[in-house]
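Good morning, and thank you for the time.

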Protein chains: 2
Amino acid sequence: MVFTEPQHCSIDLRLRILSRLPFFKDLPAKAVEEINRHFVEMDYQRGERIYTAGDPAERLYVVADGKVRLLQHAESGKDVLLGILGSGEFFGNLAALGTAVHIDTAEAHTPICALSVRSEDFRQILDEHTGLALRALEVLGERLSAANQRVLLISAMPVDRRIAFMLLEISRKFGRQEEMGLLIDMPLSRDDLAEMTGATPETVSRVLSQLQSGGVITSGRQWIAITDRQKLEAQAGA
Amino acid sequence: MVFTEPQHCSIDLRLRILSRLPFFKDLPAKAVEEINRHFVEMDYQRGERIYTAGDPAERLYVVADGKVRLLQHAESGKDVLLGILGSGEFFGNLAALGTAVHIDTAEAHTPICALSVRSEDFRQILDEHTGLALRALEVLGERLSAANQRVLLISAMPVDRRIAFMLLEISRKFGRQEEMGLLIDMPLSRDDLAEMTGATPETVSRVLSQLQSGGVITSGRQWIAITDRQKLEAQAGA
DNA sequence: CGAGACGTTGAACCTATTCAACACTGGTGG
DNA sequence: CCACCAGTGTTGAATAGGTTCAACGTCTCG
């Protein structure tokens, strides 16, 4: 089970990504080309930091290829994995105006290619194209509702349900149908799941072992596939 | 310790609230008056529901006077209190376009007067006044970052620190200096704090007793005052 | 005045963490 | 090329933090 991702993205990909974005997909091709000029391409190795919480938020990013982890740190050293972003998703500080700082940390979960704009330029793009800001509002709204969902999950549900729930969530976004079942198409360790569910890696391991012996999932080093979605949903819902 | 709030808001208040909003404060007075016409005034008793999760999100609200609770429900019946809003804050679905539904529930924490617009009208207001959408982005951004902070808090800190932290947070927003200390200027029960910190009312009671005997706070039925902010910060930070 | 909401405190219990030992895997360097 | 080592995963046993259950006191409001 190997997850390889190209580390560079072609010029083609770059324009395709931008025009496919919910933000820009209603704009005329010419406008997208114009907007494209404000973006620069940036590549990162797996595990590399793109920005760190506390840094001034001068740029905004879009994932072109690969996966990005959004983290939040506690002084205790314990990290929380807020989410994993795939191709076409924004990160940085969408609402950044003036001299805001990043509230989270972004790092490459796989080798990635990202497109990046200066916040001011993006702001100007929003100003120039009416309706774009409303799109941004939608995106932020979805993120907010996901975050609230997460608060509910962590504060009102036991670990096993949290983990089942999170697996469903992730598979909805990154699942790919394979003979073995619905494979989560990216590296995903016990630690990752632990940081997403507010649990410890040991507990995640125990719960996954449970699920595996129940025939609900199949898993190995850094990968998980769902073999029985119904059962998993039951686990998450009961 | 009694918290009385007027249940109706005068026409004066209505215009004052709107023009004081971060959204509208840079607009000419005439524009605010025009916008004002789209808003209607609505009053609610303490505990009354304004909308419930799952309802179609047809309206957007601003707190004119009083406090509003934003809740999220788990099927288990356990509720999570996402936040308490005071005068001038928006609620409803800021990003609502098309036929979205409410993701949270809003209820009157105190008797309130709210101003309300139809989502479509608000959308049109955003279209007509450039820059307003950017303001909305800011607000949503702040909410998102607060929600993420909350996830970190609940999943990476022990209860006593969570409670201390939350008290500081709330006092920053609703604190009023009194002889006894920094009084949280609204009814606040053990249950409220429990629902905000992912704890049980019993645990909150124990922690507060601890803080009280340490001379950090003074509290009674439905109220809390901070007598030693330094100590509380130490409790939250260590 | 009575009833119900709110708050406190104790004791038993349980879930999940912590600590620890061990197994497997993959990549790196000698 | 193989050995080794760091990263990953598993499992067990002890522990602890917080919940749950229960009983009781107190305040407020109708």
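**Contacts with DNA strand D**

I begin with Gln222(A): one of its backbone N or O atoms lies 3.0 Å from a phosphate oxygen of DNA strand D. That is a polar contact, meaning a pair of N or O atoms within 3.5 Å; within protein, one must be able to donate a hydrogen and the other to accept it, and residues adjacent in sequence count only if both atoms are side-chain atoms.

Please note that this is a predicted model, in which local features need pLDDT of at least 70 and side-chain atom pairs count only at pLDDT 80 or more, while totals for chains, interfaces and linings use all residues. Residues are numbered from 1 along each chain as its sequence is written, chains are lettered from A and ligands numbered from 1 in the order in which they are written, and side-chain values use heavy atoms, with hydrogens and water left out.

The bases are also reached. A side-chain N or O atom of Arg221(A) is 3.0 Å from a base nitrogen of DNA strand D, and for the side chain of Glu202(B) the corresponding distance to a base nitrogen is 3.5 Å. Helix 7 of chain A gives the largest share, four residues.

Which residues come nearest to DNA strand D? Of the 17 around it, they are Arg190(A), Ser205(A), Val159(B), Thr203(B) and Arg206(B).

**Chain B against chain A**

I turn to the protein interface. Each side has its share of the contact (heavy atoms within 4.5 Å): 38 residues from chain B and 38 residues from chain A. About 3400 Å² is buried between them, with carbon and sulfur atoms giving 76%; buried area is the accessible area (1.4 Å probe) lost on putting two parts together, summed over both.

How many salt bridges cross this interface? The rule, a side-chain nitrogen of Lys or Arg within 4 Å of a carboxyl oxygen of Asp or Glu, finds two. Arg161(B) forms a salt bridge with Glu75(A), their closest N and O atoms being 3.1 Å apart. Helix 4 of chain B contributes the most to its side, with 19 residues.

Technical notes
Near = heavy atom within 4 Å. Helix = DSSP H or I, 4+ residues; strand = E, 2+ residues; numbered from the N terminus.
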